Amino acid sequence: MYSEKVMDHFENPRNVGEIPDANAVGQVGNAKCGDIMKMYMKIENDVIVDCKFKTFGCGAAIATSSMATEMVKGKTVEEAKKLTNKAVMEALDGLPPAKVHCSVLAEEAIEAALADYYARRGETYEKKKSCDGCCGSCSGH
């Protein structure tokens, strides 16, 4: 079953939408389940001043997108780089094993937006390797 926090973020998602003048945009998807997440960020002086998302997917995908945006908003780019799917799951008081891949997608969407931010600045972004093989559905497999 889903926790109260997962249900709250599914029924009342935070930060839904687009940022017209976003300077960091990332999109990821999972072919196995059909979920697609797109993250938009407005970054000023290396601080994420706004973060929004558009997600096509199940309730867990929407909830993890919502929570991930809440967790990086107001953080520095360096702090946001450290966000893990495990931290998203913990913030939501857990996910069923079959839905762990949704938290992986949320982490990957944040990372894709940050990679775009670096690319727009002509800099290289080093992709982190945080997967420990927990669900077998991330791009690390």
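## Terms and basis

Helices (H or I, at least four residues) and strands (E, at least two) are DSSP runs, numbered from the N terminus. Two strands count as paired if DSSP finds at least two bridges between them.

The model is predicted, so local features need pLDDT of at least 70 and side-chain atom pairs count only at pLDDT 80 or more, while totals for chains, interfaces and linings use all residues. Residues are numbered from 1 along each chain as its sequence is written, and side-chain values use heavy atoms, with hydrogens and water left out.

## The hairpin

Strand 1 (residues 24-29) and strand 2 (residues 36-44) pair in the antiparallel sense over six bridges. Together they form a hairpin with six residues between them. Gly-34, in the turn, has a positive phi of about 90°. Gly-29 has Ile-36 of strand 2 as its bridge partner.

Three strands make up an open sheet in the order 1-2-3, with antiparallel pairing. Strand 1 and strand 3 (47-56) stand at the edges, each with a single partner strand, so one side of each has no neighbour in the sheet. From one strand to the next, the twist averages 15°; angles run from 0 to 180 degrees between N-to-C directions, and axes are lines fitted to C-alpha atoms, for helices over the stretch in contact.

Nine bridges join strand 2 and strand 3 in the antiparallel sense. Lys-42 stands opposite Asp-50 in strand 3.

## Helices on the sheet

Helix 2 (residues 59-72) packs on the sheet and touches strand 2 and strand 3, contact meaning heavy atoms within 4.5 Å. The direction of helix 2 makes about 175° with that of strand 3. Helix 5 (residues 100-120) lies across strand 1, strand 2 and strand 3, and runs at about 145° to strand 1.
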